[in-house]
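This report describes the fold of one protein chain and then turns to selected residues within the fold. The sequence and the structure are shown first.

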Amino acid sequence: MLNLHLADTNRRALGHGLLDLDVVIMALYAVGYQRGDNYCSAEPLGAGGNPYAAMNLPPEPERLDELVGVTARTFREREDEVLAATDEELYALYQIESE
């Protein structure tokens, strides 16, 4: 995997929908995305965002900048939290039986 495009449910900024971002982050680390030239890019369009409208209508740069900023900050915050968590904390959070 080289690039993962990030948006929450209904194309919202991360943290403003139903996506379990912690699970996504854990999966990314499980497949080794942090090694090499892999990266994630923020691509929220706003609630109910229509990618076809986004391609053909005039952009709203201020709104898109805000959504991308929220997505990037949320990803970094959740990544820091997941990486700082102990295995026991993650097991308890996701109700996984420890080995």
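## Overall architecture

Read from one end of the sequence to the other, the protein chain follows the pattern β-α-β-α-α-α. The model is a predicted one. In total the protein chain has 4 helices and 2 strands. Its C-alpha trace spans about 55 × 30 × 20 Å along the principal axes.

Of the 99 residues of the protein chain, 24% count as buried. The accessible surface of the protein chain comes to about 7000 Å², and 53% of this area belongs to carbon and sulfur atoms. Among contacts between residues at least 6 apart in sequence, 74% join residues at least 24 apart.

Strand β1 (residues 3-6) pairs with β2 in the parallel sense, over 4 bridges. Together with helix α1 (residues 21-30), β1 and β2 make a right-handed β-α-β unit.

Ser41 belongs to strand β2, which covers residues 39-42. Opposite Ser41 in β2 stands His5. When neighbours within four places in sequence are left aside, Ser41 is in contact with Asn3, Leu4, His5 and Leu6. With Asn3 there is also a polar contact from side chain to side chain, at 3.4 Å. Ser41 counts as buried because its relative accessibility is 18%, and the limit for buried is under 20%.

Not counting residues up to four places away in sequence, Ala42 touches Leu6, Val68 and Thr71. From C-alpha to C-alpha, Ala42 and Ala27 are 17 Å apart in space, with a separation of 15 residues in sequence.

## Thr74 in helix α3

Helix α3 (residues 61-84) holds Thr74. With a relative accessible area of 15%, Thr74 is buried. Apart from neighbours within four places in sequence, the residues in contact with Thr74 are Leu14, Gly15 and Leu21.

## The aromatic pair

How many aromatic pairs does a search of the whole structure find? The search finds 1 aromatic pair. The rings of Tyr29 and Tyr33 have centres 5.5 Å apart and planes at 80°, so this pair is edge-to-face. The angle decides the class, because planes over 60 degrees apart count as edge-to-face. The two residues fall into separate accessibility classes: Tyr29 is partly exposed, at 25% relative accessible area, whereas Tyr33 counts as buried, at 11% relative accessibility.

## Accessibility of the residues discussed

The table gathers the relative accessible areas of the residues described above.

| Residue | Relative accessible area | Class |
|---|---|---|
| Ser41 | 18% | buried |
| Thr74 | 15% | buried |
| Tyr29 | 25% | partly exposed |
| Tyr33 | 11% | buried |

Methods:
Residues are numbered from 1 along each chain as its sequence is written. This is a predicted model: local features need pLDDT of at least 70, side-chain atom pairs count only at pLDDT 80 or more; totals for chains, interfaces and linings use all residues. Side-chain values use heavy atoms; hydrogens and water are left out. Buried means under 20% relative accessible area, exposed over 50%, partly exposed in between (1.4 Å probe, protein chains only). A polar contact is a pair of N or O atoms within 3.5 Å; within protein, one must be able to donate a hydrogen and the other to accept it, and residues adjacent in sequence count only if both atoms are side-chain atoms. Contact means heavy atoms within 4.5 Å. Two strands pair if DSSP finds at least two bridges between them. A crossover is right-handed if, with the strands pointing away from the viewer, the path from the first strand over the helix to the second runs clockwise. Rings of Phe, Tyr and Trp (its six-membered ring) pair if their centres lie within 6.5 Å; planes under 30 degrees apart count as stacked, over 60 as edge-to-face and the rest as tilted. Accessible areas come from the Shrake-Rupley method with a 1.4 Å probe; for residues, only the protein chains shown count as cover.
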